[in-house]
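The sequence and structure are shown first.

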Amino acid sequence: MSNMNLTLKIWRQKGANDKGKMVEYKVTDISEHMSFLEMMDVLNEQLVNTGEEPVAFDHDCREGICGMCSMYINGEAHGPDRGVTTCQLHMRMFNDGDTITIEPFRAAAFPVIKDLVVDRGSFERIQQAGGYISVNTSGNTTDANAILVPKEDADKAMDAATCIGCGACVATCKNSSAMLFVGAKVSQYALLPQGQVEATERVKNMVAQMDLEGFGNCTNTGACEVECPKGISLENIARMNSEFLKASFKG
Ligand code: SF4
Ligand code: FES
């Protein structure tokens with residue numbers, strides 16, 4: 001395939017209190033081998049060279065690990081591919097002459113800071129409310145291998161732990177629900193013996209913080225699971241609900 005010429009419609013917003021608007025740009029000679037963020041780099045270089053302000057967007061690892069690259073591309077979190085983040089999205093998913101719409105993740109609990117950058121501090125505060133375990137580091141620590149964990153539980157906990165906190169689930173959900181994220185964070189500990197010490201407090205506190213941050217309720221549409229770049233299963237939401245019920249009975 002030859003290189004592509006594209007029209008980009010990008011959300012520009014100077015700051016949190018600016019109204020913001022879509023602005024159209026052209027980029028030319030884009031290789032199909034580029035990642036989406038590399039294409040954005042080309043645009044920004046172009047803007048800098050013409051004295052315009054580059055488009056602000058979040059990124060760090062550029063390999064699907066940090067969860068920073070939150071972009072809503074053609075109406076989908078992280079764009080049209082499945083199981084990838086924006087930094088892993090390749091330009092071969094697009095065609096010469098395409099118009100691509102790029103917006104920030106939109107949710108009341110993810111306010112826009114600038115252009116495509118949103119504040120996901122709400123996720124951090126949910127994590128701080130219970131996303132940890134207590135470990136004895138006094139010098140008399142138990143050998144990790146001394147605590148047996150069934151293979152199936154270990155696998156499920158590991159799967160839940162692959163959540164990178166990107167927020168695509170929230171951006172995709174019509175209710176801006178964070179249940180898939182919180183479900184993953186609760187499950188990764190709920191399945192392991194090491195997570196039992198704080199189990200009751202963890203689920204209660206994380207759910208309370210989630211509600212406080214203004215995330216919506218889950219109405220089981222399942223869109224979050226489809227758009228999640230890490231394939232986090234809806235099973236984690238069910239597990240969080242049963243953990244919450246158990247915790248409520250304990251008072
Ligand atoms: S559950 Fe998936 S979509 Fe949601 S924050 Fe975690 S990795 Fe991202
Ligand atoms: S930049 Fe880290 S996941 Fe995309």
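## Terms and basis

A residue is buried if 20 or more other C-beta atoms lie within 10 Å of its own, exposed if 12 or fewer, and partly exposed in between, with C-beta atoms placed from the backbone. Helices (H or I, at least four residues) and strands (E, at least two) are DSSP runs numbered from the N terminus.

The model is predicted: local features need pLDDT of at least 70 and side-chain atom pairs count only at pLDDT 80 or more, whereas totals for chains, interfaces and linings use all residues. Residues are numbered from 1 along each chain as its sequence is written, and chains are lettered from A and ligands numbered from 1 in the order in which they are written.

## Helix α2

The buried residues of α2 include Ser122, Phe123, Ile126, Ala129 and Gly130. They line one face of the helix, because their directions from the helix axis to the C-beta atoms fall within an arc of 115° when seen down that axis. Gly121, Glu124 and Gln128 are exposed on the face turned away from this buried side.

## The largest nonpolar core

A nonpolar core is a set of buried Ala, Val, Leu, Ile, Met, Phe, Trp, Tyr and Cys residues joined through C-beta atoms within 7 Å. The largest one has 59 residues, of which Cys169, Val170, Leu180, Phe181 and Val182 touch the most other members. At least two residues come from each of several elements, including β1 (4-12), α2 (121-130), α4 (168-172) and α5 (179-190). The greatest contribution is that of α5, with eight residues. Domain 1 (4-113) and domain 2 (121-250), whose bounds come from an automatic or database domain assignment, each supply at least three residues.

Beyond its neighbours within four places in sequence, Phe181 contacts Phe123, Cys163, Gly165, Cys169 and Val170.

## Surroundings of ligand 1

Ligand 1 is surrounded by 14 residues (C-beta atom, placed from the backbone, within 6 Å), and the closest are Cys163, Cys166, Ala168, Cys169 and Cys228. Here α5 gives the most, with three residues. By class, the shell holds eleven nonpolar, two polar and one charged residue.

## Positive phi angles

Asp29, in strand β2 (residues 21-30), has a positive phi of about 60° although it is not a glycine. Asp29 counts as exposed because it has 10 C-beta neighbours inside 10 Å. His78, in the loop between β4 (76-77) and β5, has a positive phi near 65°. With 28 C-beta neighbours inside 10 Å, His78 counts as buried.

How values were computed:
Contact = placed C-beta atoms within 7 Å. Nonpolar A, V, L, I, M, F, W, Y, C, P; charged D, E, K, R; others polar.
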